[in-house]
Amino acid sequence: MSKTGAWIMDLEEQFWDKCVDFIKNNEDVSLAQAEAIKYAKDNLSHIEEDIIEDTVSEMWADYWVNYQ
């Protein structure tokens with residue numbers, strides 16, 4: 001993998017880690033999704049909103065069912 005590809009993968013991993021913070025700080029999935037989308041627009045323009053919404057929704061359900 002090229003250095004650019006590795007860098008992009010690292011940014012995406014950091015983004016999904018940041019989404020965990022949004023999930024922990026919101027008891028409503030739509031608020032976590034909105035924060036994640038705003039963060040992505042400000043920092044990572046290449047991730048589509050529907051992918052963010054779906055992934056955050058799955059992460060949110062897993063977190064609130066298993067850890068609360």
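Predicted model: local features only at pLDDT ≥ 70, side-chain atom pairs only at ≥ 80, totals over all residues.
How many salt bridges does the count come to in this structure?

**First stop: the charged pairs**

Select aspartate 42 and lysine 38, which form a salt bridge whose closest N and O atoms are 2.9 Å apart. Both residues lie in helix α2, and because they are four residues apart they are separated by about one turn of the helix. Aspartate 42 counts as exposed, with a relative accessibility of 53%, and lysine 38 also counts as exposed, at 54%.

Now select glutamate 49 together with lysine 41, where you will find a salt bridge with 3.1 Å between the closest N and O atoms. Here glutamate 49 is partly exposed, with a relative accessible area of 37%, while lysine 41 counts as exposed at 57% relative accessibility. With these pairs on screen the opening question can be answered, for the count comes to two salt bridges. Side chains of opposite charge can pair when their charged atoms come close.

**Second stop: glutamine 33**

Stay in helix α2, which covers residues 29-43, and select glutamine 33. Is this residue buried or exposed? Its relative accessible area is 15%, so glutamine 33 counts as buried, the limit being under 20%. If you leave aside the neighbours within four places in sequence, you will see glutamine 33 in contact with Glu53, Val56 and Ser57.

Next, display the largest nonpolar core, which has 16 residues, and highlight Phe15, Trp16, Cys19, Ile23, Ala36, Ile52 and Val56, the members that touch the most others. The elements that give two or more residues to this core are α1 (3-24), α2 and α3 (49-66). In soluble globular proteins, nonpolar side chains tend to be buried together.

To look at one member in detail, select isoleucine 23, which touches Ala32, Val56, Met59, Trp60, Tyr63 and Trp64 when residues up to four places away in sequence are not counted.

**Last stop: the aromatic rings**

Finally, show the aromatic side chains, among which a search of the whole structure finds three pairs. One of them joins phenylalanine 15 and tryptophan 16, with 4.7 Å from centre to centre and 65° between the planes. Why is this pair called edge-to-face? It is because the angle of 65° is over 60 degrees, the limit for that arrangement. Phenylalanine 15 is buried, with a relative accessible area of 1%.

How values were computed
Residues numbered from 1 in each chain as written. Heavy atoms only, no water. Phe/Tyr/Trp six-rings, centres within 6.5 Å; stacked < 30°, edge-to-face > 60°. Buried < 20%, exposed > 50% of the residue type's maximum accessible area, 1.4 Å probe, protein only. Contact = heavy atoms within 4.5 Å. Core = buried A, V, L, I, M, F, W, Y, C linked by side-chain atoms within 4.5 Å. Salt bridge = Lys/Arg side-chain N within 4 Å of Asp/Glu carboxyl O.
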